Amino acid sequence: MRCKEALLPHIRSSRWIEFGIQSLSVLMALLFTTLVLVMAGAPPLEAYRQMLEGAFGSLKRMTDVLATWAPLIMVTSGLLLTFTAGLWNVGVEGQIMLGAIAATGVIRALQETGLPPFVILILAMVAGMAGGAAWAGLVGLLKIYTGIHEIFGGLGLNFLATTLILWLIFGPWKRPGIASMSGTEPFPEHLWLPVLPGLRLSPWTLILALSSIVVVYVLLMNTHFGLRLKAIGKNIRAAHRLGVPTSRYMFLALLGCGAIAGLVGALQVTATYHRLIHAISSGYGYMGLLVGMLANYRVLWSVLVAFFFAALNIGGIQLMVTLRLDSTLSGVMQGALVLFVLLAQGSQARWKPTLIPESRDDA
Amino acid sequence: MRVEMRHIYKSFGPVRALQDVSLTVEAGTIHGLLGENGAGKTTLMKILSGYLRPDRGEILLNGEPVRFASPADGLRYGIGMLHQDPLDFPTMSVLDNFMMGCENGFWLDRQRARRALQELARLFGFDLDPEARVDRMTVGERQQLELLRLLRQGIRVLILDEPTTGISAPQRAQLFDTLRRLAREGKTVIFVTHKLEEIEELCHRVTVLRQGRLAGEAAPPYSPRRLIEMMFGRSLSKPERRPALPGEPVLQIQNLIAGDYRLRLGRVNLTVRSGEIIGLAGMEGSGQHLLMRVCAGLIRPWEGCICVRGRDLTGKPYCAFLDAGVLFVPANRLEEGLISGLTLTEHFQLVYPTGGYLINWERARAEAQRRIQEFNIRGEPETMVEALSGGNQQRAMLALIRKPVHLLLLEHPTRGLDVESSMWIWQQLKEQAQQGAALMVISSDLQELLEYCDRIIVFFGGQVSEPMNAEELTTDQLAQMIAGYGWRG
Amino acid sequence: MTPEWIFGLAGVLVAAAPLVIAVVGETLSERAGVVNLSLNGAMLLAAMVGFAAAVQTGSLELGFLAATMIGALMALVVAFASLTLRQSQVAVGLVLALLGRDLAYFLGSPFMNIPGPRVGPLPIPVLKDLPILGPLLFQQTPTVYISVLVVVAAWIWMFRTRPGLVLRCVGERPSAAFGRGVPVTRVRYGYAVLGGALVGFAGAAYILDFKGGWQGPISGMDGIGWIVLAITIFGGWHPVRGAFGVLLFALLQWLSLVVQPSLPGIPPQVFYVVPFPLMIFALLLTNLGNAEWVQMALSRLPESRRRLAFRILHSLRVSPPAGLGMAFKEE
């Protein structure tokens, strides 16, 4: 689908058709969610109103959306590296978790030492990046040396990462006295990443999010590194023949994505939860995959889509409070949206006379 | 059955494959369809058998207009096609292949199918083991199997697309006998080829295509000169052969053995010198592609060593070969050669990066423009490679050759190109040789190999011949070796 | 008296039955060339819907029917998106995997932890009284019998019938099958939907038989679909080998639970995820023979040992249907 879009210059010229089809798929997704709500016995219009209210009802809530947007767009921008290289880095979820584990480990080891808090925090971030990169590197090694598809390697490692967290929470890092799902002992307050007064939003998270967007954008659009990743993603055999060291670049793309994901994990620990919990990744990894697909693997679009998804998530929490609806509804909406957009893109390419020369049907 | 095709048009995107082609074939005759590579013969026959739908035009069987939506429809009307590359299931058994398509009912009756197969095989004098795996058989045997399968399906019109490529001389004689017999029994046979002698030997009538158009028809006695004129539009003058002045050895292969899961290639001992063009001939899958990929560094040999300009590269990764000036240009342009979805500029940037880490797109564009002009590519810097025509894609691949190149390896560099493009490509290759590169070229066009190469190596089932001087060879000698004659041991 | 381990092994069969059915379903789908990556979401959603339907109607049959239809529907979406719209099978499958899971949790929240009907054992007369084999094989629930039937039927279908030959051919080389008059796209649709239906049935079997109730995210079902996909590969796209893969897998998982009490230092949660490293390991085994560095390493071994190692790797190695996941354009 990526190549289709690039293949057809005449489709681009008629932007309004594309716009029409995209809005149609949004409508279909909305219709689908409405149906789901009706099936669950909830008043759909009220639910949507509550979601909007929940996301944008007050300044505080809007900053909550931003606080969700920042890690989400970071994960997505990391994933754009692997998407560009043609990799389905489903293991990103585990990479976030490993980042969180590594950051927690550093903080727990250093919190008694009396080092200045910002030094500890920076070390925790670096450790988080290293942890995420290492987990991603493992996926890469499995793929390059044994040919295990990154989807399976990544998924397996995701579940392993969950286990690792559970083991830590219930084992070596358990709270004194009781071990429970509530996670490890919270860090002392001076080791929390500073947030804006009265809000949950940390300016540091925002700054890191913006810089990751810029870095990934420049990498992909203006460097040889990005061009080589693109070549690998479009046709790995030809890229190899033309002299691109494909294994090395795929590995680098995974490391880059893992590092960003690990940084998100470290932020989750230091800025949001202040301890290691079972659900530390908040599902940002899987959400990031959806954002990337919906944005058609384009950096700038991802920024908007991530914002929309973040708003859905925050609005979904409101539903749980007021209408007693499970907050997975936002996941349903996000998934439905991506599904219908994929279907719409397909129909657009299918039922339109194209310039694509017919490929031979047999290799 | 009398077959008529009237005013057929067919385009693939911007490429016009067929324009206003008509063809009439009488029942009980063998009708030749003659044309060079890319003339549209296969496209026309795929339309007749239902694989492709024409943009315009109609098909009549015994005077009745018919429309085919798929090969299933073609088969229902009794039209069957034998493809150049047998369209069978290589990993499955002969019997499975035979049963697929011509068995009815729910349960597989292997006993009955085996009996039917053996009976048919006896009738035509073929020797096929029902339990053998198809990918272990020769092309000729696979063709026989397909033929029997089609007959069992009750076809009345048989289309054969270049059936003699890659089969042995006795198999060819047997095939021709079979076809004559089928024609006598009233079946309609359409024989697609680019070889004049086969037309003379076999066909009751011939239709010639040139560049997607009807070039003419003829009946025996054929005048070869006239047919060649129809095929090429003019009589070809043989290019002047300039004796090569081989220089230093570029590629030295010693005691090399390589293989994959079905073929063992070896032992190969070969020295290629600077300025030389070596042609590699053989039927598909005889080992020539394997050797080329080993020389390119894409496949590691089991034994033996490869030296390029005195440096031992055995077991080194592909990039070491690239650095040593080895360059491989594969046949499948959009699968291994070029990257669909990337522009020409992006391709040139991949191979010749400008600047440091960052790309200066303006400079990159200017650079690309320069190369596009130099190599006479019809396209813009922003053109996606898949939007180029085959000939232009081939030019782009030549433009992507990293300098300096010492050993240039090409697979089917002119396959599917028109005469003009082919000649341009060969001219470029000659120039590369004169500038000191050593070339190895795979081609299935023997004429082409004899014309342009200095020495020729023939492959047969993994065996490799001594390099032979092209000037002392004839097409017949070459064809015999390809078919497995004249091999020691 | 029947020893206790017999009941343990009988439990392994119960745990394996849903996976076996799902593996056969995915095998059929992939043999026809469609990779249905949505399995994890499809199984969860089918299980939830099956349970809900069974609770609402009080009928287990209707529960299974509903689940089967959900599975078929999910597969139909994958098939439509990839075969008709030519979208990436991976993208659509992944989205559906996530969407199905969220839908199951959202719609299933009212049904969490409520009592519902459960498939009971169906002892087979006479055979049930056999020593050891009786309690092991013939006092099982119907889903266990069905799983065996499904495997046998799939094998007969694939290797002894004409439609099965068509199926194998379509997956192997769609263009050649098309050339022999097979409506490739229609066949692919058919098997994708059939496979999806089996997957949906398997989801229901997991909840209505093995687990005995919907517990939302803690049903222990999340991830099963991915394991099914991995075992399909491990089984080399062969129903019987796939079923043995599942059995091996369930056996190892059971063993890990057996040894758990003797390792009190490790929290029980850890044992729930034992399947996932096993999954990676299984894929590792099937892939190892193809890796270049392994072949290089093998070539340094002495001849006799090399041949043995090669034979072991070769027997584990699988090769996918050549047309797997490849777009095929009829015209």
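How many bridges pair strand E4 of chain B with E5(B), and in which sense? The model in question is predicted, with pLDDT of at least 70 needed for local features and 80 or more for side-chain atom pairs, while totals for chains, interfaces and linings use all residues. Residues are numbered from 1 along each chain as its sequence is written, and chains are lettered from A in the order in which they are written.

Back to the strands: E4(B), residues 56-61, pairs with E5(B) over three bridges, in the antiparallel sense. Strands here are DSSP runs of E with at least two residues, helices are runs of H or I with at least four, and both are numbered from the N terminus; pairing takes at least two DSSP bridges between two strands. Within this pair, Ile59(B) has Val66(B) of E5(B) as its bridge partner.

Zooming out, E4 and E5 belong to an open, antiparallel sheet of four strands in chain B, ordered E2-E1-E4-E5. Strands E2 (15-25) and E5 (64-66) of chain B each have a single partner strand, so one side of each goes without a neighbour in the sheet.

Then there's the meeting of the two chains. Chain B puts 29 residues into the contact and chain A 27 residues, with residues in contact if their C-beta atoms, placed from the backbone, lie within 7 Å. On the side of chain B that touches chain A, the elements giving two or more residues are helices H10 (318-323), H11 (333-337) and H12 (344-351) of chain B. H12(B) gives the most, with four residues.

Definitions and conventions: Two residues are in contact if their C-beta atoms, placed from the backbone, lie within 7 Å.
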